[in-house]
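This report describes pockets and helix packing in one protein model. Please consult the sequence and the structure shown below while reading.

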Amino acid sequence: EHGDDFNAMHISAFWNRLGKLVRSSRAEQSWLRARGAALSPVRERTLAMLPDLEARSLVNTAHGLASARLLASSPAWLQLWGSLDGAARAQCDRRQLTPQNLANLAWSFATARHGVAPLFEIIAAQSRPQLADFSPQGLSNLVWAYATAALPSPELFDEVAAAVVSRVGEFNNTQGLVNVVWAYATAGHEAPLLYAAVASRLQQRADACSPQGLAIAAWAYASSGTEAPQLYAALSSSAVVRLHHFQPQGLANLVWGLATAGHEEPALFAAVAAEAKGRLHGFQGQGLANTAWAFAKAGCADEALFEALAAEVPRRLDELSSQELANMGWAFATSGVSAPELFAALGDTALPRLASFKPQEVANLVWAFATATTRC
């Protein structure tokens, strides 16, 4: 009714407020999923107003849309994100964006799954000379965005690493540090000094990490191949008393990280087994495979957990990739737990897909069946 009266300030404030509501309220999330079409008039008005938005309003609009999960992967919102990309590049050309604007813009486009390489190249070029003026959260959001969008920027990552190392004590929010190492591990960007500085900080403040943060930190350090035994010990000590607060994916990432790093924590693995065995229905297929593999790799093959896995996994095998099918077979064969029904289902699932298996996956699967058959 009042759409034509919306000016640039109103548009920006609307999306910014909507994003905050959706982030903070499950009820608002449910409403938006059910009635997203109600936003069509505002979306059309936003498209018309984009040329009139100044830099801050433009960034707040993009940030609000991304926070509200109105993503470019949805046909209804793709046009708006494409137009936002053009408007953002125009603002960059006019050098109108502050460090906070640049970090939030990158975060927004990555979250919206609209990782447009030319825009990200411009953001990197304008961010690098200003990194000293970025807040710790801004630095974290910046590299998180590039890793999430799968857009490499080696020079930017080198310079952000140096900035984080010199300012690691300013990161009062542990999640910011966790997101930094997640980004470097995901991007496969080597930064040994960064990993060392962040590990030192996190091991002092592990109890301030959320359960998700503990799991992601373990995953990131293991994925990067960084040796950090004191950090793993601190993460384990903090996690073991809070496992009931972990999401299934967090439990899987935690044990996968510790097993991959070769860090022995039998008490933690026993506690995770007790926590996970009754919650396996909530695990994704990848999480089931990673959990089984981690327990077998760590030599902590809890019999009750593997029996629960043997009951859950056969009906979930279609969710597993070829590597995960091979890892599942390897884990059960290594565990010594008898699971003939699981192996029968595994064979039925893998056989039609063998052409897509890598040689090592085929070898692992054949070894698993041979070992399990011999044991039987």
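H14 and H16 pass one another in a left-handed crossing, a label given when the near helix is turned anticlockwise from the far one by less than a right angle, clockwise being right-handed. The model is predicted, so that local features need pLDDT of at least 70 and side-chain atom pairs count only at pLDDT 80 or more, whereas totals for chains, interfaces and linings use all residues. Residues are numbered from 1 along each chain as its sequence is written, and side-chain values use heavy atoms, with hydrogens and water left out.

**Helix packing**

Helices (DSSP runs of H or I, at least four residues) are numbered from the N terminus. The axes of H14 and H16 come within 8 Å and cross at roughly 35°; axes are lines fitted to C-alpha atoms over the stretch in contact, and angles run from 0 to 180 degrees between N-to-C directions. From H14, Ala 252, Val 255, Trp 256, Ala 259 and Thr 260 meet residues of H16 that include Gly 287, Asn 290 and Trp 293, contact meaning heavy atoms within 4.5 Å. This contact has seven nonpolar, four polar and one charged residues; Ala, Val, Leu, Ile, Met, Phe, Trp, Tyr, Cys and Pro count as nonpolar, Asp, Glu, Lys and Arg as charged, and the others, Gly among them, as polar.

Helix H5 (residues 75-93) packs against H6 at an angle of about 155°, with the axes 12 Å apart. H5 is therefore roughly antiparallel to H6, a term for angles over 145 degrees. Trp 81, Leu 84, Asp 85 and Ala 88 of H5 make the contact with Leu 105, Ser 108 and Phe 109 of H6.

**Pockets**

A pocket is an open set of points on a 1 Å grid over the protein atoms alone, where a 1.4 Å probe fits, with protein on both sides within 12 Å along at least five of seven lines; lining residues have an atom within 4 Å of a point. Volume is the space filled by probe spheres set on the points, which are joined across faces, edges and corners.

| Pocket | Volume | Lining |
|---|---|---|
| Largest | about 490 Å³ | 19 residues |

Nearest the centre of the largest pocket lie Trp 219, Gln 249, Asn 253, Gln 286 and Asn 290. Helix H12 (211-224) is one of the elements giving two or more residues to this lining, and H12 gives the most, with five residues.

Note on methods:
Angles under 35 degrees count as roughly parallel, over 145 as roughly antiparallel, 65 to 115 as roughly perpendicular and the rest as oblique.
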